[in-house]
Amino acid sequence: MAAISDVNPFVNAPAGDSAFARITDNVSRIAEVERPPRAWYIAFACALAILSIFLGSIGWVVWNGIGVWGTTMPAAWAFPIVNFVFWIGIGHAGTLISAILFLFRQTWRTAINRFAEAMTIFAVMCAGVFPGIHIGRPWLPYYMLPIPNQMDMWPQFRSPLEWDIFAVSTYATISIVFWYMGMIPDFATFRDRATTFWRRLCYGVVAMGWRGSSRQWHRYERAYLILAALATPLVLSVHSVVSFDFATSQLPGWHTTIFPPYFVAGAIFGGFGMVVMLAVPARQFFGLKRIIQIKHLEVMNKVLIATSLLVGYSYMMEFFVAWYSGNKYEAFTFVNRAFGQYAWSYWTMIACNVLFPQLHWFKAVRTNPVATLIIGMFINVGMWFERFVIICTSLTRDFLPSSWGYFIPTKIDFMTLGGSFGLFFTLFLLFCRYLPMVAMAEVKAFHPSAHAHEPDHHVEHAGQAPVGI
Amino acid sequence: MSDSHEPQASDSGPPPLHGLLAEYRTPAELLRASKKVRDAGFSRWDTFSPFPVHGIDKAMGIKMTILPWIVLGAGLTGLATAILLQWWTNAYDYPWLVSGKPLWSIPANVPIMFELTVLFGGVTTFIAMLVLNNLPFPSHPLDHVRRFARATDDRFFLLIEAADPKFDETDTRALIDATHPIAVEGVPEDRKTSDKLPTGIIYSLVIVTVMSAVPFALAAKARYTKSRSTRVHIIQDMDSQPKYKAQRENPVFSDGRSTRLPDPETVAVGELREDDHFWRGQDHGAWVRTFPPTFRVDEAAMLRGQQRFGIYCTPCHGFGGEGNGMVAKRADELAQGTWTPPSNLTDERIRNMPVGEIFNTITNGVRNMPAYGPQIPASDRWAIILYLRALERGHAGKIADLEPAERTGL
């Protein structure tokens, strides 16, 4: 085995005599280099170690039953559902960036959409694990699907939990289709640059014989537009449906009409937090600074301020409604949330989600990659706690004081939570290594020289050109 | 990739021309060239670029694709599927009443209608895009043109096929030359790549197809044959547990019972209940006529009795104890003919019944009246009897029982 290179192979300027060629090289070489930078190996080893903890803890849970978690009455949802909502929320940024920003013609999205989409898919995969093991008998999840069976029974379609199955699986499917379709032209680029038989074969198979014909591009662009139009309401619907799991129940603290928009705003917030958290090291280690520029980080940080304010507004509104409704259970729940036994988690959430992101009002902060990274981490912590607060404070203080309790997580709880990051990062690192991390075709299409044919338009487009190669 | 078939007469010699390929450096040049070729009236030609070139559709005269209509159809199919699925499963095939919700109401079914519309539409978009674009398209004569590899990188190409009726090698080449390409090249037909799948792949596909039918065949066999062997549990479920259940045979004990009886003469903690008067309403085998000495007869006990009587006895015996509670009234209404009415507790007979016997009636039930001992603590049973006595007294009251002052008010 050849020695792992100590120097980052991606620091050099990309090769090529035109802007298009440089974009191609800048992105393709990441997947083509024989030995990725040492940092990749270290990261991958850590991710695998954490993944093995994840698999081990899941094995333990399946073998012994879910009693090895702290999940028990009255907190019957606890960590697994907190983690589920956390991951599914993160999964929202990818499709938001690729679909909604596409419809709004936000050209800057091309720099980050591909790996945001990848992040979406991996996050949805992590999310999917949790309900699967939380049902206690993970070999029976097909009960939730409308499959003809020997009991002659059907799922209950008026239940939000059933809506959830459809929403999450539709979301996963459409995200994968969207992601894969976006990658076809880039796979073709990889195939045409391949120097070995196996690379040519593998990328050739997934590129499906794409040759960049304009007649094909015509249908491809239509298809992309339609998918974006379909995925846009889908993004908004998924977390709304997840919020129905809570909002349609009678529990004080869950039973509120603000939940769907509040959950969607939170999901976008958390998702963007994760995107910046991944973007900063990715552009650093893979030499993508020319494509993912500071100005892209800045735009995302602005999105973070906006969504942070939305989330903060929702927190306030919950309190206002609790007071304004005159409902004493509702009022108690919210006073309990802020000052009760879980006050520590509530104030962690407020600090991470509402206070820290305000630092982005300062240009020096939002254009600083390190600060971006740190605030992104805080946001992720805060969004995890948001779900924890919603689930645990409400469940442990419901109507009957006789059934009140306090949820205490076990070691296994922490192992499954932490371990899910292992799954996420393993997949993400493999993605960085083998798949096109940036949508090359899209970046090229928005490069100023792609518009040189209409000189009057040139200036206008150059102003918002996403990439300065 | 090997070509197994014998070279035929037409295969020998230099391969025929597939078309002419021109290369351009910028999208603008490609656009200009495309307009020329379009205006020259060609039909079998195409351009290739690493990204969709803005305006190429018009320059080439590409007609709008029917893709959106296909997606519309698929979306509506998804919607209809969701409606039918939910209605048929929950309202028709297995009517499922959940907390009094209507079996079929649109609002609760909207989320899944929406999801399936998007799912069908989205997946169809992708598949229709592939099908309309003739993808996957494994091999093409252009794959053997070296310079064409840059079509997915940074160059722009134009190909006019020799199969086009207007194609003429010299004229077409002149037309292309006039568009100032970097290079023009004749693309030969591909003779090297076979049109056929490699035999290995065909055989493995056949084998996989046949093998995949095996599980279904086994399932079908199991459906239509009988078996004496027990069901195979791949994963042991809760219905099979390694334990002896109550009321089942048990070889471990000589009497063969799983449920163990307490040893004779044993008494559970706090269950001694020696005081016959209080616990059984008896004194040396005879029904007592007095309240037990440990039971304090006072107003609090009376009120407690009234309240408990209201809870436990009124449904059948009625608030006045006359045997006309809600249950009795309903039974009369149904007139099924099998009903034993609850006794009128203000009756002479009950009025003279020893309290001990009434206590026993409440505790163990009588004939058609169920036992309430397990539900009502003993002291409450005495309180109920105290209140019952007051009720009876009220019913049997005479004018002489009232104070003179009260009599005048009547």
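**Contacts and folds in two chains**

Trainee: With which residue of chain B does Arg211(A) form a salt bridge?
Mentor: In this predicted model, a salt bridge is a side-chain nitrogen of Lys or Arg within 4 Å of a carboxyl oxygen of Asp or Glu. The closest N and O atoms of the pair are 2.8 Å apart. The partner of Arg211(A) is therefore Asp143(B).

Trainee: What pLDDT do local features need in this model?
Mentor: Residues are numbered from 1 along each chain as its sequence is written, chains are lettered from A and ligands numbered from 1 in the order in which they are written, and side-chain values use heavy atoms, with hydrogens and water left out. Totals for chains, interfaces and linings use all residues, side-chain atom pairs count only at pLDDT 80 or more, and local features of this predicted model need a pLDDT of at least 70.

Trainee: How many residue pairs are in polar contact across the interface of chain A and chain B?
Mentor: A polar contact is a pair of N or O atoms within 3.5 Å; within protein, one must be able to donate a hydrogen and the other to accept it, and residues adjacent in sequence count only if both atoms are side-chain atoms. With both residues at pLDDT 80 or more, the number of such pairs is 28.

Trainee: Which helix of chain A gives the most to the side that touches chain B?
Mentor: Helices are DSSP runs (H or I, at least four residues), as strands are (E, at least two), numbered from the N terminus. Helix 1 (19-32), helix 6 (160-193), helix 8 (214-247) and helix 16 (440-445) of chain A each supply at least two residues. With 17 residues, the one that gives the most is helix 8.

Trainee: What is the order of the strands in the open sheet of chain B?
Mentor: Two strands pair if DSSP finds at least two bridges between them. Strand 1 (residues 17-24) and strand 4 of chain B pair in the antiparallel sense over six bridges. The edge strands of chain B, each pairing on one side only, are strand 2 (45-48) and strand 4 (183-188). The order of the four strands is 2-3-1-4.

Trainee: Which residue does a cis peptide bond join to Met73(A)?
Mentor: Most peptide bonds are trans. Here omega is about 0 degrees.
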